[in-house]
Amino acid sequence: MNRSKAWLRLSVGAMALTGALASAGTAIAQSAEIITVTAQRREQSVQDVPVAVTAFSAADLRDSSIGGVEGIAERTPGFTMTRFNIGEPQLYIRGIGSTSDSAAGDPSVAVSIDEVYIGRAGGGALSFFDIERVEVLRGPQGTLYGRNAAGGAVNIISARPDATQSFGEFTFGYGDYNDRLVSAVLNGPLGEGAAGRLAFLYQANDGYSESVPSGADLGGSSTWGVRGAISWDAGNWSFLAQADYARDETDGQARVPVVGPNTNPAFIGLIGAIRAGLNERQSFSDPSTFQERDSWGFHFRADTTFGDMDFTSLTSYRGLEFSWFDDLGGLPVPPYVLRVEDINEDEAWQFTQEFRLSRTLGNGAFWVAGLYLFHEEVDRNERFIVDARAPLPAIASGDVTFFQEATNQSAAVFAQLTMPLADTLNLTVGGRLTYDSKEIFARGVDNATPGGPFPGIPLGPPPGVAYPAGASGSESWTEPTWRLALDWQASDNVMLYASYDRGYKSGLYPSQAQSAVQATTALDPEILDNFEIGMKSTFAEGRGIFNLAAFYTDYQSLQVYELLGLALSTSNADAEIRGVEAEFAFQANDYFQFGGSYAYLDAQYTTDAVSNLGVLPYNGNQLTRSPEHQYNVYAALTVPVGTGTARARVDYNWTGDYFFDPSNAPETLVESYGTVDARLSWGPDNANWDISLWGRNLTDELYPSHIIKNLDIGFTVFAPPRTFGAQFRMRLGG
């Protein structure tokens, strides 16, 4: 079917469904409860926000056994998440994301923790503990969130100290692969108008994969984190001071070569012989591989009122360090065709300051305005040791290190007004003016043959050339973004909206550049225009929720990365994205609830890309990490059993085909897959404890969690297998 005709029919169908439901009464959510969110910098029901938002309460996170952003992505329409490693998660919403690892690059999906933007992607994808809720805003958020929220925003809100009660909550768990969990929350008043809260998490597991040469585990990990917060009132002011620290360690990844239809027959035979009798979780990866991450931060919040205006100040400092040693080929020594060792160290710190003023007027209008400041320093060095054997050319071998020192700064002023045009009609107008600047000092060092003609992949072969003395570059951009939206309360139970949003992501300097010129030549910033219509509705006297959104996004200068051989190509390309998303939940009776979500996505490049390695034929290709179809369904049951209450929930998450690479090379294709997760718990009605059993990937589905292409081979890491476990949770006091 012609794409334009298909989109027209889909849009007409969506609008017809919207009109039908408007007359019947309908609405969204992850559960039948209506979650209060602060997506527009004020407390609102998620059903009153004219933005595509998926919200998860603390109960949702617990009942679905969600321990991090990966679980959120599985249950949010149009959201995918993959990981190169713990320091470089790759978040994509509606086909928009980034795989950039540059010290002077940025994610395309903004992650905030307690309203503090996290500049490095690896600093936001931390394990969840003591979380009040998570909000996922889909589509560009160029006014209130601004910086690098081109694809959307993920807001992680931790629980605040509660001055009304003293309690302690403790959780202990054990599962497959020696999975151990200990978490604790202590909360209590600290005098009049003051309270404190302390949360702790420790979780570790043995690896689910194996290094064939040594028999050692791969894929195992350990995490521990602590967060402390104090809140207090002083006259007309309220304050919150919070600090956190987290440490993550893994024993490396089990990467294996997977051949495709274009793989050289000689390589197919060689890999087949090497891997005879092995499964996908047995790898020749070096057993000494590892990943480590340290993340810490402090933020201070102050709130007060000046007359009829509310004032908020958010001050934050955060640090992040991560390092790894990765074997990117997973081939034995010897024999092998290609061995690639990737050794990296990153260190970053950031300071942010935001001031906001807001006011609700007598006619129901609400406005918010503010100033935002961001400063970040990043030091990065990455070393590649490549050993290539016949039939590959000897010049493919080498030992090179890339150094980057970056200073990234941003400043913005913003304002947004929502005002009633009639009793049931509101207009929202918002704007933001952002100034971004980036300074880079980069070096490419040939460790093996200094001064020689062939420094080795990925710095060479020619035209690559080492630049050990380094080179500097600086660039700045000033860009306006905006939001225009109308929302209409069509009935007591139905709200319809239409919006036009401009999104923006700053330019960047590429990493692993093959020359000083490339290292100091910035890519263009990304600009996108998003047009959306949507519906928020409830039905059956509030027991049901149904939400719908249809959108079209025109993307200019999308920043694209492709590994060609072992050289990283960086370029800009245009794209168009169309889609429809639906979410529903229904509380059938006091005991049974079911729901789910669905996303249709048509995301394609509309131009080729011109890169340092020539013209790349992207036009018509599917955007990376952009499945055409994606859905989640769940069923939850709450029933009295004996002297207590049992709760059961089952989730089925299905993801359609998608590619890891803009070339759409067949070895980067992830074929559709579905996973089943479940949780069963029971607790007595007259005691504050419960016990639960959980299972993840119960059908033991085999699917990739990451792919690197080279030589028409997909060097692949597979997701965890089926796992089970049990938890005991108790609460003292409160």
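**View 1. The start of helix H4 in the predicted model, with the side chain of Asn264.** A side-chain oxygen of Asn264 comes to within 2.7 Å of the backbone nitrogen of Ala266, and this contact lies at the start of H4.

**View 2. The buried and exposed residues of helix H4.** Helix H4 spans residues 265-274, and its buried residues are Phe267, Ile271 and Ile274. Seen down the axis of H4, these buried residues fall within an arc of 60°, so they line one face of the helix. An α-helix has 3.6 residues a turn, so residues three or four places apart point the same way. Pro265, Ala266 and Ala273, by contrast, are exposed on the other side of H4. Among the elements that cover the buried residues of H4 are strand S18 (255-259) and strand S41 (713-718).

**View 3. An open sheet of three strands, S15-S14-S19.** The strands of this open sheet follow the order S15-S14-S19, and their pairing is mixed. Strand S15 (217-218) and strand S19 (282-283) stand at the edges, each with a single partner strand, so one side of each is left without a neighbour in the sheet. Strand S14, which comprises residues 209-211, pairs with S19 in the parallel sense over two bridges, and Ser211 stands opposite Ser283 of S19.

**View 4. Residues 1-32, where the pLDDT stays under 50.** For residues 1-32 the model has 78 contacts beyond four places in sequence, although the pLDDT stays under 50 over this segment. The protein averages a pLDDT of 89, and 94% of the residues score at least 70.

Methods: Residues are numbered from 1 along each chain as its sequence is written. This is a predicted model: local features need pLDDT of at least 70, side-chain atom pairs count only at pLDDT 80 or more; totals for chains, interfaces and linings use all residues. Side-chain values use heavy atoms; hydrogens and water are left out. pLDDT is the predictor's confidence in each residue, from 0 to 100. Contact means heavy atoms within 4.5 Å. Buried means under 20% relative accessible area, exposed over 50%, partly exposed in between (1.4 Å probe, protein chains only). Helices (H or I, at least four residues) and strands (E, at least two) are DSSP runs, numbered from the N terminus. The arc is that of the directions from the helix axis to the C-beta atoms. A polar contact is a pair of N or O atoms within 3.5 Å; within protein, one must be able to donate a hydrogen and the other to accept it, and residues adjacent in sequence count only if both atoms are side-chain atoms. Two strands pair if DSSP finds at least two bridges between them.
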